[in-house]
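Dear colleague,

Please find below the sequence and structure that I am handing over to you. My notes on what was found follow directly after.

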Amino acid sequence: MSVSTMLETVNDILAETGIHTTQKVHYQLTPTQLTEATLQRGEGVLNDTGALLINTGEFTGRSPKDKFTVKDALTADAVNWNDFNIAITPEVFDNMHQKLLQYLGQKELWVRDAYACADPTYRLNIRVVNENPWSNLFAYNMFLRPTDEELHGFKPEWTILQAPSFKADPAVDGTRQHNFAMVSFTKKTILIGGTGYTGEMKKGIFTILNFILPHQKNVLSMHCSANIGAAGDTAIFFGLSGTGKTTLSADPNRKLIGDDEHGWTPDTVFNFEGGCYAKLIDLSAEKEPEIYNAIRPGALVENVTFLPGTNTIDFASKAITENTRISYPLHFISNAIEPSIGSTPKNIFFLTADAYGILPPISKLTPGQAMYQFISGYTAKVAGTEAGVKEPTATFSACFGAPFLPLHPGKYAEMLGNKMKDTNVNVWLINTGWSGGPYGVGQRMKLPYTRAMITAALEGALDNVAFEAHPVFGMQMPTTCPNVPSEILNPRNTWADATYYDEKANNLAQLFVNNFKKYADGVSAEILAAAPKVTA
(Lines give C-alpha, C1' and ligand atoms only; values in the text may rest on other atoms or scores of the structure.)
Protein backbone atom coordinates (compact mmCIF):
# COMPACT_ATOMS: atom_id res chain seq x y z
CA MET A 1 0.00 0.00 0.00
CA SER A 2 1.51 3.34 -1.05
CA VAL A 3 0.92 6.81 0.30
CA SER A 4 -1.38 7.42 -2.67
CA THR A 5 -3.85 4.92 -1.21
CA MET A 6 -7.34 5.19 -2.72
CA LEU A 7 -10.08 6.66 -0.52
CA GLU A 8 -11.86 3.31 -0.31
CA THR A 9 -8.76 1.69 1.19
CA VAL A 10 -8.31 4.58 3.61
CA ASN A 11 -11.89 4.17 4.72
CA ASP A 12 -11.19 0.49 5.31
CA ILE A 13 -8.23 1.53 7.46
CA LEU A 14 -10.45 3.88 9.44
CA ALA A 15 -13.15 1.24 9.79
CA GLU A 16 -10.61 -0.92 11.61
CA THR A 17 -10.51 1.78 14.30
CA GLY A 18 -14.33 2.00 14.43
CA ILE A 19 -14.63 5.26 12.48
CA HIS A 20 -17.16 5.26 9.64
CA THR A 21 -17.06 8.43 7.58
CA THR A 22 -18.05 9.96 4.27
CA GLN A 23 -15.78 12.95 4.88
CA LYS A 24 -12.38 13.50 3.27
CA VAL A 25 -9.58 11.41 4.74
CA HIS A 26 -5.83 11.99 4.23
CA TYR A 27 -3.45 9.10 4.73
CA GLN A 28 0.29 9.30 5.28
CA LEU A 29 0.76 12.84 3.92
CA THR A 30 4.25 14.30 3.67
CA PRO A 31 5.44 17.16 5.91
CA THR A 32 5.14 19.54 2.96
CA GLN A 33 1.53 18.49 2.32
CA LEU A 34 0.65 18.76 6.02
CA THR A 35 2.22 22.21 6.23
CA GLU A 36 0.32 23.39 3.16
CA ALA A 37 -2.96 22.04 4.54
CA THR A 38 -2.39 23.85 7.84
CA LEU A 39 -1.72 27.13 6.03
CA GLN A 40 -4.78 26.70 3.80
CA ARG A 41 -6.97 26.16 6.86
CA GLY A 42 -5.58 29.30 8.49
CA GLU A 43 -4.24 27.28 11.43
CA GLY A 44 -0.59 28.27 11.15
CA VAL A 45 2.02 30.56 9.64
CA LEU A 46 5.61 30.21 8.43
CA ASN A 47 8.55 31.91 10.07
CA ASP A 48 11.51 33.35 8.18
CA THR A 49 13.24 29.94 7.96
CA GLY A 50 10.19 28.09 6.60
CA ALA A 51 9.13 26.22 9.75
CA LEU A 52 5.42 25.89 10.52
CA LEU A 53 4.24 27.85 13.58
CA ILE A 54 1.00 26.98 15.34
CA ASN A 55 -0.80 27.85 18.56
CA THR A 56 -2.06 24.88 20.58
CA GLY A 57 -4.83 26.97 22.11
CA GLU A 58 -6.04 26.76 25.69
CA PHE A 59 -3.45 24.17 26.71
CA THR A 60 0.25 24.80 26.15
CA GLY A 61 1.45 21.86 28.24
CA ARG A 62 0.39 18.50 29.59
CA SER A 63 -2.50 18.24 32.04
CA PRO A 64 -1.51 15.37 34.38
CA LYS A 65 -4.64 15.68 36.53
CA ASP A 66 -6.73 14.91 33.44
CA LYS A 67 -4.90 11.71 32.46
CA PHE A 68 -6.90 8.55 33.16
CA THR A 69 -6.16 4.83 32.99
CA VAL A 70 -8.77 2.09 32.79
CA LYS A 71 -8.74 -0.08 35.90
CA ASP A 72 -9.52 -3.63 34.83
CA ALA A 73 -8.15 -7.14 35.17
CA LEU A 74 -4.96 -6.19 33.32
CA THR A 75 -4.11 -3.13 35.39
CA ALA A 76 -5.85 -3.36 38.77
CA ASP A 77 -2.96 -5.00 40.63
CA ALA A 78 -0.12 -3.77 38.39
CA VAL A 79 -0.60 -0.01 38.16
CA ASN A 80 0.54 2.24 41.01
CA TRP A 81 -2.70 4.21 41.38
CA ASN A 82 -1.99 7.80 42.49
CA ASP A 83 -2.43 11.46 41.46
CA PHE A 84 -0.90 10.69 38.04
CA ASN A 85 -2.42 7.27 37.47
CA ILE A 86 -6.09 8.08 37.96
CA ALA A 87 -8.47 5.14 37.61
CA ILE A 88 -11.60 5.07 35.49
CA THR A 89 -13.93 2.17 34.82
CA PRO A 90 -14.08 0.35 31.47
CA GLU A 91 -17.60 1.76 31.07
CA VAL A 92 -16.38 5.36 31.32
CA PHE A 93 -13.73 4.66 28.69
CA ASP A 94 -16.12 2.83 26.37
CA ASN A 95 -18.68 5.65 26.50
CA MET A 96 -16.04 8.26 25.70
CA HIS A 97 -14.58 6.04 22.98
CA GLN A 98 -17.94 5.79 21.21
CA LYS A 99 -18.53 9.54 21.46
CA LEU A 100 -15.11 10.26 20.01
CA LEU A 101 -15.57 7.77 17.17
CA GLN A 102 -18.87 9.41 16.21
CA TYR A 103 -17.33 12.88 16.41
CA LEU A 104 -14.36 11.97 14.23
CA GLY A 105 -16.67 10.30 11.73
CA GLN A 106 -18.10 13.74 10.94
CA LYS A 107 -14.71 15.42 10.40
CA GLU A 108 -12.06 15.71 7.72
CA LEU A 109 -9.28 13.51 9.08
CA TRP A 110 -5.54 12.96 8.87
CA VAL A 111 -4.37 9.41 9.48
CA ARG A 112 -0.84 8.15 10.04
CA ASP A 113 0.67 4.73 10.55
CA ALA A 114 3.91 4.84 12.49
CA TYR A 115 5.76 2.92 15.17
CA ALA A 116 7.72 3.32 18.38
CA CYS A 117 10.97 1.62 19.50
CA ALA A 118 14.00 1.63 17.20
CA ASP A 119 15.00 -1.87 18.31
CA PRO A 120 12.92 -4.09 15.99
CA THR A 121 12.52 -6.71 18.73
CA TYR A 122 10.31 -4.30 20.66
CA ARG A 123 8.68 -2.41 17.79
CA LEU A 124 5.17 -1.14 18.55
CA ASN A 125 2.96 -0.29 15.56
CA ILE A 126 0.75 2.77 16.08
CA ARG A 127 -2.14 4.29 14.13
CA VAL A 128 -2.78 7.99 14.78
CA VAL A 129 -6.04 9.72 13.78
CA ASN A 130 -6.12 13.54 13.99
CA GLU A 131 -8.72 16.17 13.19
CA ASN A 132 -6.11 18.70 12.05
CA PRO A 133 -3.03 18.41 9.83
CA TRP A 134 -0.49 20.00 12.20
CA SER A 135 -1.17 17.38 14.87
CA ASN A 136 -0.47 14.76 12.21
CA LEU A 137 2.79 16.55 11.37
CA PHE A 138 3.76 16.20 15.02
CA ALA A 139 3.07 12.45 14.77
CA TYR A 140 5.22 12.29 11.62
CA ASN A 141 8.09 14.03 13.40
CA MET A 142 7.97 12.23 16.73
CA PHE A 143 7.16 8.61 15.89
CA LEU A 144 9.28 6.33 13.75
CA ARG A 145 8.36 6.33 10.09
CA PRO A 146 7.65 3.07 8.17
CA THR A 147 8.85 2.75 4.60
CA ASP A 148 6.26 2.35 1.82
CA GLU A 149 7.18 -1.33 1.74
CA GLU A 150 6.57 -1.66 5.49
CA LEU A 151 3.10 -0.10 5.08
CA HIS A 152 1.98 -3.13 3.07
CA GLY A 153 -0.06 -5.18 5.49
CA PHE A 154 0.61 -2.74 8.35
CA LYS A 155 -1.28 -3.83 11.45
CA PRO A 156 -1.51 -1.31 14.27
CA GLU A 157 -1.17 -2.68 17.78
CA TRP A 158 -2.15 0.63 19.41
CA THR A 159 -4.39 3.48 18.24
CA ILE A 160 -4.37 7.18 19.17
CA LEU A 161 -7.56 9.16 18.56
CA GLN A 162 -6.86 12.86 19.04
CA ALA A 163 -9.50 15.59 18.68
CA PRO A 164 -8.60 18.98 20.21
CA SER A 165 -12.04 20.45 19.47
CA PHE A 166 -13.97 17.62 21.14
CA LYS A 167 -14.85 18.59 24.71
CA ALA A 168 -16.03 16.24 27.41
CA ASP A 169 -18.94 16.97 29.70
CA PRO A 170 -17.57 16.33 33.23
CA ALA A 171 -21.05 15.82 34.66
CA VAL A 172 -21.70 13.00 32.19
CA ASP A 173 -18.33 11.67 31.07
CA GLY A 174 -16.50 11.11 34.35
CA THR A 175 -13.75 13.64 33.65
CA ARG A 176 -12.46 16.48 35.83
CA GLN A 177 -12.97 19.10 33.13
CA HIS A 178 -13.49 19.22 29.37
CA ASN A 179 -10.02 18.01 28.38
CA PHE A 180 -8.84 14.44 28.86
CA ALA A 181 -6.34 11.76 27.94
CA MET A 182 -7.59 8.21 28.53
CA VAL A 183 -5.65 4.96 28.19
CA SER A 184 -7.02 1.43 27.96
CA PHE A 185 -4.34 -1.26 28.02
CA THR A 186 -6.97 -3.88 27.23
CA LYS A 187 -8.37 -1.99 24.22
CA LYS A 188 -4.86 -0.75 23.30
CA THR A 189 -6.28 2.70 22.63
CA ILE A 190 -5.45 6.26 23.72
CA LEU A 191 -8.21 8.90 23.59
CA ILE A 192 -7.23 12.59 23.65
CA GLY A 193 -9.76 15.40 23.53
CA GLY A 194 -10.26 19.02 24.48
CA THR A 195 -6.57 19.92 24.21
CA GLY A 196 -4.41 20.82 21.24
CA TYR A 197 -1.15 20.28 23.10
CA THR A 198 0.61 17.77 20.85
CA GLY A 199 2.85 16.44 23.61
CA GLU A 200 -0.12 14.49 25.00
CA MET A 201 0.28 12.04 22.08
CA LYS A 202 3.99 11.56 22.64
CA LYS A 203 3.64 11.12 26.39
CA GLY A 204 0.69 8.79 25.92
CA ILE A 205 2.87 6.35 24.02
CA PHE A 206 5.70 6.84 26.53
CA THR A 207 3.30 5.98 29.35
CA ILE A 208 2.14 2.75 27.76
CA LEU A 209 5.73 1.71 27.02
CA ASN A 210 6.56 2.38 30.68
CA PHE A 211 4.00 -0.33 31.45
CA ILE A 212 4.57 -2.78 28.62
CA LEU A 213 8.38 -2.92 28.55
CA PRO A 214 9.21 -3.32 32.28
CA HIS A 215 6.08 -5.28 33.20
CA GLN A 216 5.85 -7.62 30.22
CA LYS A 217 9.25 -7.52 28.41
CA ASN A 218 11.78 -7.06 31.26
CA VAL A 219 13.15 -3.94 29.54
CA LEU A 220 13.88 -0.82 31.60
CA SER A 221 12.09 2.20 30.14
CA MET A 222 13.75 5.55 30.85
CA HIS A 223 12.98 9.27 30.61
CA CYS A 224 16.47 10.23 29.46
CA SER A 225 18.66 11.35 26.60
CA ALA A 226 21.47 9.18 25.24
CA ASN A 227 24.56 9.49 23.08
CA ILE A 228 27.42 7.28 21.95
CA GLY A 229 31.14 7.89 21.56
CA ALA A 230 33.51 6.94 18.77
CA ALA A 231 34.56 3.84 20.73
CA GLY A 232 30.94 2.68 20.94
CA ASP A 233 30.47 3.71 24.58
CA THR A 234 26.92 4.78 25.40
CA ALA A 235 26.04 7.43 28.00
CA ILE A 236 22.56 8.24 29.26
CA PHE A 237 21.37 11.47 30.88
CA PHE A 238 18.41 11.66 33.26
CA GLY A 239 17.00 15.00 34.35
CA LEU A 240 13.86 17.04 34.76
CA SER A 241 13.06 20.05 32.58
CA GLY A 242 15.67 22.80 32.86
CA THR A 243 18.52 20.62 34.11
CA GLY A 244 20.39 20.42 30.78
CA LYS A 245 19.38 16.95 29.52
CA THR A 246 19.06 17.96 25.87
CA THR A 247 21.93 20.47 25.94
CA LEU A 248 24.50 18.19 27.59
CA SER A 249 23.70 15.13 25.49
CA ALA A 250 24.20 17.22 22.33
CA ASP A 251 27.97 16.73 22.21
CA PRO A 252 29.74 17.43 18.89
CA ASN A 253 32.20 14.64 19.69
CA ARG A 254 29.46 12.03 20.23
CA LYS A 255 26.51 10.73 18.20
CA LEU A 256 23.00 11.41 19.50
CA ILE A 257 20.81 8.34 20.05
CA GLY A 258 17.83 10.36 21.28
CA ASP A 259 16.88 13.24 23.54
CA ASP A 260 14.01 11.99 25.71
CA GLU A 261 12.77 8.37 25.83
CA HIS A 262 14.74 5.13 25.73
CA GLY A 263 14.71 1.44 26.60
CA TRP A 264 17.58 -0.55 28.12
CA THR A 265 17.69 -4.24 27.11
CA PRO A 266 20.38 -6.79 28.02
CA ASP A 267 22.31 -5.72 24.91
CA THR A 268 21.16 -2.28 23.76
CA VAL A 269 19.90 1.18 24.60
CA PHE A 270 17.33 2.21 22.00
CA ASN A 271 15.29 5.31 21.26
CA PHE A 272 11.51 5.04 21.49
CA GLU A 273 11.04 7.96 19.10
CA GLY A 274 11.84 9.16 15.62
CA GLY A 275 12.28 12.81 16.53
CA CYS A 276 12.94 15.45 19.14
CA TYR A 277 10.59 17.74 21.07
CA ALA A 278 12.83 20.52 22.32
CA LYS A 279 12.18 23.62 24.38
CA LEU A 280 12.73 26.93 22.59
CA ILE A 281 12.65 29.42 25.45
CA ASP A 282 15.84 31.55 25.37
CA LEU A 283 17.26 29.43 22.55
CA SER A 284 20.42 30.72 20.90
CA ALA A 285 22.53 29.54 17.99
CA GLU A 286 25.63 29.75 20.18
CA LYS A 287 24.43 27.56 23.07
CA GLU A 288 22.29 25.01 21.18
CA PRO A 289 23.16 25.17 17.47
CA GLU A 290 21.61 21.79 16.59
CA ILE A 291 18.16 22.79 17.87
CA TYR A 292 18.47 26.27 16.37
CA ASN A 293 19.31 24.86 12.95
CA ALA A 294 16.40 22.40 13.14
CA ILE A 295 13.93 25.29 12.79
CA ARG A 296 13.36 24.75 9.08
CA PRO A 297 10.72 23.35 6.69
CA GLY A 298 9.18 20.22 8.20
CA ALA A 299 9.58 21.37 11.79
CA LEU A 300 6.53 22.21 13.91
CA VAL A 301 6.97 25.17 16.28
CA GLU A 302 4.45 25.71 19.06
CA ASN A 303 3.24 28.81 20.91
CA VAL A 304 5.97 31.30 20.03
CA THR A 305 5.63 34.94 19.02
CA PHE A 306 7.55 37.06 16.53
CA LEU A 307 9.82 40.00 17.06
CA PRO A 308 7.74 43.14 16.30
CA GLY A 309 7.24 43.76 12.59
CA THR A 310 8.96 40.53 11.52
CA ASN A 311 8.37 36.82 11.10
CA THR A 312 11.48 36.08 13.18
CA ILE A 313 10.85 34.08 16.35
CA ASP A 314 11.30 35.94 19.64
CA PHE A 315 12.92 33.17 21.67
CA ALA A 316 12.82 35.21 24.88
CA SER A 317 9.07 35.79 24.74
CA LYS A 318 6.82 34.08 27.27
CA ALA A 319 3.74 35.91 25.99
CA ILE A 320 1.91 32.64 25.31
CA THR A 321 3.86 30.26 27.53
CA GLU A 322 7.33 29.53 28.84
CA ASN A 323 6.88 26.03 27.43
CA THR A 324 7.54 27.00 23.80
CA ARG A 325 8.43 23.89 21.77
CA ILE A 326 9.63 22.51 18.47
CA SER A 327 9.25 19.00 17.06
CA TYR A 328 11.44 17.73 14.25
CA PRO A 329 12.60 14.35 12.91
CA LEU A 330 15.82 12.95 14.32
CA HIS A 331 17.64 13.30 11.00
CA PHE A 332 17.47 17.10 11.39
CA ILE A 333 20.28 16.66 13.94
CA SER A 334 23.57 16.42 12.07
CA ASN A 335 25.22 13.96 14.48
CA ALA A 336 22.23 11.71 15.12
CA ILE A 337 22.59 8.00 14.44
CA GLU A 338 19.92 5.97 12.66
CA PRO A 339 18.71 3.47 13.57
CA SER A 340 18.91 5.12 16.97
CA ILE A 341 20.36 2.20 18.90
CA GLY A 342 23.45 2.05 21.11
CA SER A 343 25.20 -0.49 23.29
CA THR A 344 24.58 -0.88 27.02
CA PRO A 345 25.78 2.26 28.85
CA LYS A 346 29.18 2.74 30.47
CA ASN A 347 28.14 5.97 32.21
CA ILE A 348 24.87 7.31 33.59
CA PHE A 349 24.39 10.96 34.55
CA PHE A 350 21.65 12.22 36.86
CA LEU A 351 21.22 15.94 36.20
CA THR A 352 19.85 18.37 38.79
CA ALA A 353 19.70 22.16 38.74
CA ASP A 354 20.03 22.64 42.50
CA ALA A 355 19.03 26.26 43.11
CA TYR A 356 19.87 25.81 46.81
CA GLY A 357 23.56 25.41 45.91
CA ILE A 358 24.01 22.35 48.15
CA LEU A 359 24.85 19.39 45.91
CA PRO A 360 28.35 19.01 44.43
CA PRO A 361 28.88 19.82 40.74
CA ILE A 362 29.94 16.21 40.12
CA SER A 363 29.89 13.16 42.37
CA LYS A 364 29.91 9.39 42.00
CA LEU A 365 27.10 7.24 43.38
CA THR A 366 26.97 3.72 44.76
CA PRO A 367 24.19 1.46 43.41
CA GLY A 368 22.11 2.16 46.53
CA GLN A 369 22.62 5.92 46.25
CA ALA A 370 21.85 5.80 42.54
CA MET A 371 18.56 4.01 43.14
CA TYR A 372 17.66 6.46 45.93
CA GLN A 373 18.43 9.48 43.75
CA PHE A 374 16.63 7.87 40.82
CA ILE A 375 13.44 7.40 42.79
CA SER A 376 13.77 10.91 44.27
CA GLY A 377 14.22 12.61 40.87
CA TYR A 378 15.29 15.89 42.46
CA THR A 379 15.83 19.36 41.12
CA ALA A 380 15.22 22.82 42.64
CA LYS A 381 13.85 25.67 40.58
CA VAL A 382 13.60 29.39 41.16
CA ALA A 383 10.02 30.11 42.19
CA GLY A 384 8.75 32.87 39.95
CA THR A 385 9.91 34.88 36.98
CA GLU A 386 9.35 38.42 38.19
CA ALA A 387 12.23 40.75 38.95
CA GLY A 388 13.86 40.31 42.35
CA VAL A 389 15.25 37.40 44.31
CA LYS A 390 12.92 34.44 44.74
CA GLU A 391 13.29 31.48 47.07
CA PRO A 392 14.17 28.17 45.39
CA THR A 393 11.54 25.46 45.38
CA ALA A 394 12.39 21.75 45.58
CA THR A 395 10.84 19.51 42.93
CA PHE A 396 10.80 15.72 43.16
CA SER A 397 9.60 13.58 40.25
CA ALA A 398 10.15 9.84 40.69
CA CYS A 399 12.55 8.30 38.18
CA PHE A 400 12.73 11.76 36.57
CA GLY A 401 9.32 11.19 35.00
CA ALA A 402 6.64 10.47 37.61
CA PRO A 403 3.61 11.51 35.51
CA PHE A 404 4.43 8.82 32.94
CA LEU A 405 5.10 5.85 35.25
CA PRO A 406 2.21 3.38 35.58
CA LEU A 407 4.22 1.04 37.85
CA HIS A 408 5.60 1.70 41.34
CA PRO A 409 8.86 3.70 41.11
CA GLY A 410 10.55 0.96 43.10
CA LYS A 411 10.10 -1.38 40.11
CA TYR A 412 12.08 0.91 37.79
CA ALA A 413 14.71 1.56 40.47
CA GLU A 414 15.14 -2.17 41.13
CA MET A 415 15.65 -2.79 37.42
CA LEU A 416 18.16 0.06 37.23
CA GLY A 417 20.05 -1.28 40.24
CA ASN A 418 20.23 -4.78 38.78
CA LYS A 419 21.48 -3.44 35.46
CA MET A 420 24.07 -1.28 37.21
CA LYS A 421 25.44 -4.31 39.03
CA ASP A 422 25.33 -6.53 35.93
CA THR A 423 27.19 -4.04 33.75
CA ASN A 424 29.36 -2.26 36.34
CA VAL A 425 28.20 1.07 34.92
CA ASN A 426 29.36 4.33 36.51
CA VAL A 427 26.61 6.59 37.86
CA TRP A 428 27.30 10.29 38.37
CA LEU A 429 25.24 13.07 39.90
CA ILE A 430 25.75 16.38 38.09
CA ASN A 431 24.56 19.66 39.60
CA THR A 432 24.00 22.18 36.82
CA GLY A 433 22.52 24.63 39.35
CA TRP A 434 24.15 26.99 41.80
CA SER A 435 27.54 27.17 43.53
CA GLY A 436 28.74 29.41 46.33
CA GLY A 437 25.26 29.85 47.78
CA PRO A 438 21.62 29.59 46.70
CA TYR A 439 20.01 31.49 43.85
CA GLY A 440 20.40 35.21 44.52
CA VAL A 441 23.69 34.71 46.40
CA GLY A 442 25.75 32.16 44.49
CA GLN A 443 26.32 31.78 40.77
CA ARG A 444 25.03 29.30 38.23
CA MET A 445 27.56 26.60 37.43
CA LYS A 446 29.36 27.53 34.22
CA LEU A 447 28.38 25.33 31.28
CA PRO A 448 32.03 24.83 30.17
CA TYR A 449 32.84 23.46 33.64
CA THR A 450 29.88 21.07 33.52
CA ARG A 451 30.88 19.89 30.05
CA ALA A 452 34.47 19.40 31.25
CA MET A 453 33.31 17.29 34.20
CA ILE A 454 31.13 15.10 32.01
CA THR A 455 33.95 14.71 29.48
CA ALA A 456 36.33 13.71 32.29
CA ALA A 457 33.87 11.07 33.47
CA LEU A 458 33.32 9.75 29.94
CA GLU A 459 37.05 9.57 29.15
CA GLY A 460 38.00 7.89 32.43
CA ALA A 461 39.97 10.88 33.69
CA LEU A 462 38.34 10.52 37.12
CA ASP A 463 39.09 6.81 37.50
CA ASN A 464 42.25 7.31 39.56
CA VAL A 465 41.72 10.63 41.37
CA ALA A 466 41.06 11.00 45.09
CA PHE A 467 37.44 11.29 46.27
CA GLU A 468 35.85 12.51 49.49
CA ALA A 469 32.39 11.70 50.83
CA HIS A 470 29.75 14.39 51.18
CA PRO A 471 29.02 14.50 54.93
CA VAL A 472 25.23 14.63 54.52
CA PHE A 473 24.36 13.00 51.19
CA GLY A 474 27.21 10.50 51.12
CA MET A 475 28.11 10.65 47.44
CA GLN A 476 31.82 10.66 46.50
CA MET A 477 33.20 14.00 45.28
CA PRO A 478 36.42 14.10 43.22
CA THR A 479 39.09 16.39 44.66
CA THR A 480 40.46 17.23 41.21
CA CYS A 481 39.03 17.28 37.67
CA PRO A 482 40.74 18.32 34.41
CA ASN A 483 39.84 21.85 33.26
CA VAL A 484 37.78 22.56 36.39
CA PRO A 485 38.95 24.65 39.38
CA SER A 486 39.42 22.27 42.31
CA GLU A 487 37.93 24.74 44.79
CA ILE A 488 34.41 24.37 43.31
CA LEU A 489 34.29 20.57 43.54
CA ASN A 490 33.28 20.56 47.22
CA PRO A 491 30.27 22.90 47.50
CA ARG A 492 30.87 23.60 51.20
CA ASN A 493 34.16 25.26 50.33
CA THR A 494 32.44 27.70 47.96
CA TRP A 495 30.12 29.20 50.57
CA ALA A 496 31.24 32.28 52.52
CA ASP A 497 29.82 30.73 55.71
CA ALA A 498 30.47 26.99 55.93
CA THR A 499 28.28 26.64 59.02
CA TYR A 500 25.37 28.18 57.14
CA TYR A 501 26.02 25.67 54.32
CA ASP A 502 25.79 22.82 56.85
CA GLU A 503 22.44 24.13 58.08
CA LYS A 504 21.01 24.42 54.56
CA ALA A 505 22.39 21.00 53.56
CA ASN A 506 20.59 19.50 56.53
CA ASN A 507 17.39 21.30 55.49
CA LEU A 508 17.62 19.88 51.95
CA ALA A 509 18.30 16.41 53.33
CA GLN A 510 15.10 16.67 55.35
CA LEU A 511 13.16 17.50 52.16
CA PHE A 512 14.57 14.34 50.56
CA VAL A 513 13.61 12.21 53.55
CA ASN A 514 10.10 13.64 53.74
CA ASN A 515 9.54 13.10 50.01
CA PHE A 516 10.79 9.51 50.15
CA LYS A 517 8.33 8.38 52.82
CA LYS A 518 5.67 7.59 50.22
CA TYR A 519 8.02 5.12 48.47
CA ALA A 520 9.52 3.43 51.55
CA ASP A 521 7.20 0.41 51.51
CA GLY A 522 8.08 -0.50 47.93
CA VAL A 523 11.90 -0.39 47.97
CA SER A 524 14.79 -2.47 49.28
CA ALA A 525 16.84 -2.00 52.46
CA GLU A 526 19.82 -1.03 50.28
CA ILE A 527 17.91 1.92 48.88
CA LEU A 528 16.60 3.02 52.28
CA ALA A 529 20.15 2.94 53.68
CA ALA A 530 21.26 5.44 51.01
CA ALA A 531 19.10 8.26 52.41
CA PRO A 532 20.92 11.45 53.41
CA LYS A 533 21.82 11.81 57.09
CA VAL A 534 19.61 14.36 58.82
CA THR A 535 20.76 15.82 62.14
CA ALA A 536 18.35 17.12 64.75
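Pro 339 sits in the loop that links strand 18 (325-329) and strand 19 (341-343); helices (H or I, at least four residues) and strands (E, at least two) are DSSP runs, numbered from the N terminus. The peptide bond joining Glu 338 and Pro 339 is cis, with omega at about 0 degrees.

The model is a predicted one, in which local features need pLDDT of at least 70 and side-chain atom pairs count only at pLDDT 80 or more, while totals for chains, interfaces and linings use all residues. Residues are numbered from 1 along each chain as its sequence is written, and side-chain values use heavy atoms, with hydrogens and water left out.

Lys 188, in the loop between strand 9 (180-184) and strand 10 (189-193), has a positive phi of about 55 degrees. Its relative accessibility of 33% makes Lys 188 partly exposed; buried means under 20% relative accessible area, exposed over 50%, and partly exposed in between (1.4 Å probe, protein chains only). Phe 400 has a positive phi near 60 degrees and lies in the loop between strand 23 (392-396) and helix 11. With a relative accessible area of 3%, Phe 400 is buried.

As to the chain overall, it has 14 helices and 28 strands. Its radius of gyration is 23 Å, close to the 24 Å given by the globule rule for 536 residues, so the chain is as compact as a globular protein of that length. This radius is taken over C-alpha atoms, and the rule is 2.2 Å times the number of residues to the power 0.38. The C-alpha trace spans about 75 × 55 × 45 Å along its principal axes. Of the 536 residues, 58% are buried. Where contacts (heavy atoms within 4.5 Å) join residues at least 6 apart in sequence, 71% of them join residues at least 24 apart.

Helix 4 (residues 133-142) has 10 of its 10 residues buried, so the rest of the structure largely encloses it. Among them are Trp 134, Phe 138 and Tyr 140.

Helix 10 (residues 367-376) packs against two other helices. With helix 11 (residues 409-423) the angle is about 150 degrees and the axes are 9 Å apart; axes are lines fitted to C-alpha atoms, for helices over the stretch in contact, and angles run from 0 to 180 degrees between N-to-C directions. The pair is therefore roughly antiparallel (under 35 degrees counts as roughly parallel, over 145 as roughly antiparallel, 65 to 115 as roughly perpendicular and the rest as oblique). Residues of this contact include Met 371 and Phe 374 of helix 10, and Tyr 412 and Leu 416 of helix 11. They divide into 10 nonpolar, 2 polar and 2 charged, where Ala, Val, Leu, Ile, Met, Phe, Trp, Tyr, Cys and Pro count as nonpolar, Asp, Glu, Lys and Arg as charged, and the others, Gly among them, as polar.

With helix 13 (residues 498-516), helix 10 makes an angle of about 75 degrees, with the axes 10 Å apart, which means that the two are roughly perpendicular. Here Tyr 372, Gln 373, Ile 375 and Ser 376 meet Phe 512, Val 513, Asn 515 and Phe 516.

Ser 376, in helix 10, is buried at 1% relative accessibility. Beyond its neighbours within four places in sequence, Ser 376 is in contact with residues including Phe 396, Ala 398 and Phe 512. The C-alpha atoms of Ser 376 and Phe 396 are 5.8 Å apart, although 20 residues separate the two along the chain.

With kind regards
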